[in-house]
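This report describes a structure made of protein chains, with attention to charged pairs, backbone geometry, the interface and the pockets. The structure is shown first.

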Amino acid sequence: MRDLTIAAARTALRSGALSARELTDAHLDAIAALNPRLNAFITVTPELARAQADAADAALRRGAHGALTGIPLGIKDLFCTAGVRTTAASRILGPFVPPYESTVTARLRDAGAVFLGKTNLDEFAMGSSNMTSAFGPVTNPWTRRGDNAPLVPGGSSGGSAAAVAARLALGATGTDTGGSIRQPASFCGIAGLKPTYGRCSRWGIVAFASSLDQAGPFARTVEDCAILLGAMAGHDDRDSTSADIPVPDFAAACTRGVRGLRIGIPREYRSDGMAPEIGALWQQGIAWLRDAGAEVIDISLPHTKYALATYYIVAPAEASSNLARYDGVRFGLRAEGEDLTGLYENTRAAGFGAEVRRRIMIGTYVLSAGYYDAYYLRAQKVRALILSDFTEAFRECDALLTPTAPSAAFAQGEKMDDPVTMYLNDVFTVPANMAGIPGLSVPAGLDAQGLPLGLQILGRPFDEETVFAVGTAIEHAAGFTAAPAAG
Amino acid sequence: MSLDPATVRRIARLARIRLDEAEVPQLAQELNGILGWIEQLNEVDVAGVAPLTGGAQMALKMRADIVTDGDMHEAVLANAPERAGDYFVVPKVVE
């Protein structure tokens, strides 16, 4: 039953063929068996999950079910959950138990979802491999054919992606600041969506870069992502950047088809260094959409090559400001000092890992007197040019198709020699965050070593519906049914 | 431009992160690697471009300036590393 989609599990739960308690227990048992090896969850909450499952069964018996009643989910440990430890995978938040619930998780609970626990991530969502977590790396349930070397699940939402791929949850939440949902979805052979900036409330999510962060779903099908997003999205008075616009029926949009749609292929994404298998899969995706009735056109996003460098000014700048709150006074870790400044400095040195410290320092530097204009202001201007590229492109086409990531999952410990090598993982995903547009990764094939590869669909702001329609077309054509060895 | 050890120490002080002297050379090298790579933005012509400050192309909503919650002392203080009554405790800051 752990192989069920959310859509199929809903039907089985509502018909009485399956109980929420059975479904939850099956997942808790699988977590107990596999999590010691995968480390996908930082905190497992079996008592809470069983209580929620029993409540779901009672609601189902009354016929009073919500959109997700009885569906077991993993929650990225960046969402504050009332009464359940929330760590952001950092030592500095280690003992923190939020007295409040994030808006997105509150909406999921209201929809009847069952929370299995809090999933692992890169510390403060800063990373592309889950290697920066203070709670240890996550192991991808996929391995290379004939090779047991542990691979990364991608990041930062690596625990969520690994949990869904390994059948430890039917779906999961993630957040995506530069690719942190889409790249792990690609590495783990599942679907993952970064919605339009403003589609989901950021209230109660540990902040990394506030103008880029956006919550979104992971699941094993595009339709399941659409079902989850329907429950997560919507206006929230407590987040002034959350959009006050209606939430459409995303799941219904999945079946629209692509006939008559114009799909843009951005030529700047095609680099000489692109892995031949990734290039071939992209060509295959183009052919699939053409066969399904879409018109495919060549388009240009001239500032693509500057998106990543722009991101590594904007995101650290915002992070250095957001993470100023971790001072050892009001919550989290405290390391004593000779005076108040000493307490701050010792707490932050003891509490932050190496990557978080680097980004805080880069952010502090680019915002400091004398460097603000040269770095931060210039980056904001380049960001405007990147948005303008997309705005122009969407005059000519309805969605874009690109690869999700420049490679398949790599081994734990690879790409750790210098920070910039790791940053290059996000080259295809970061532009969507800079422009605030929605992006979906759909599993589309396996490479020669048997590892999953994803294709990315980008859409106009608040047009997730077209993104889901195109994603479903790719999903159907790809017929991706492969599952990882662990699971 | 390149960060010298004194600048690295100054940034760490601004960021309130204590650095061991032994960490400075390695950190300077890493930060210089990142900043050197970022220098590529200097080749972009940004003349006349208005900076983009946010992720959403919408006007921020206004709300009434009223108190909507309160009386949560225990919830606010529940995670305090050290407290005395309804106060957070820090090292003495006034002589």
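A:Glu414 and A:Arg144 form a salt bridge in which the closest N and O atoms are 3.8 Å apart; a salt bridge is defined as a side-chain nitrogen of Lys or Arg within 4 Å of a carboxyl oxygen of Asp or Glu. A:Glu414 belongs to the loop between β9 (399-403) and α14 of chain A, and A:Arg144 to the loop between β3 (114-119) and α5 (158-165) of chain A, so this pair ties together parts that are 270 residues apart in sequence. Helices (H or I, at least four residues) and strands (E, at least two) are DSSP runs, numbered from the N terminus. Over all chains, a search of the whole structure finds 29 salt bridges.

The model is predicted: local features need pLDDT of at least 70, side-chain atom pairs count only at pLDDT 80 or more, and totals for chains, interfaces and linings use all residues. Residues are numbered from 1 along each chain as its sequence is written, chains are lettered from A and ligands numbered from 1 in the order in which they are written, and side-chain values use heavy atoms, with hydrogens and water left out.

**Backbone geometry**

Most residues other than glycine have a negative phi, and most peptide bonds are trans. The peptide bond from A:Gly155 to A:Ser156 is cis, with omega near 10°. A:Ser156 is found in the loop between β3 and α5 of chain A. A:Asn39, in the loop between α2 (20-38) and β1 (41-44) of chain A, has a positive phi near 60°. A:Ala89 is not a glycine either, yet its phi is positive, at about 60°; this residue lies in the loop between β2 (72-76) and α4 (103-110) of chain A.

**The interface of chains A and B**

In chain B, 53 residues are in contact with 66 residues of chain A, contact meaning heavy atoms within 4.5 Å. The two chains bury about 5300 Å² between them, 68% of it on carbon and sulfur atoms; buried area is the accessible area (1.4 Å probe) that two parts lose on being put together, summed over both.

Seven salt bridges are counted between chain B and chain A. One of them joins the side chains of B:Glu43 and A:Lys305, at 3.5 Å from N to O. On the side of chain B that touches chain A, the elements giving two or more residues are α1 (5-14) and α2 (24-38) of chain B. The most comes from α2(B), with eight residues.

A pocket is an open set of points, on a 1 Å grid over the protein atoms alone, where a 1.4 Å probe fits, with protein on both sides within 12 Å along at least five of seven lines; lining residues have an atom within 4 Å of a point. A volume is the space filled by probe spheres set on the points, which are joined across faces, edges and corners.

| Largest | about 540 Å³ | A:Cys80, A:Phe96, A:Tyr100, A:Arg325 and A:Phe331, of 22 residues |

The elements that give two or more residues to the lining of the second largest pocket are α12 (354-367) and α14 (419-423) of chain A together with α2 of chain B.
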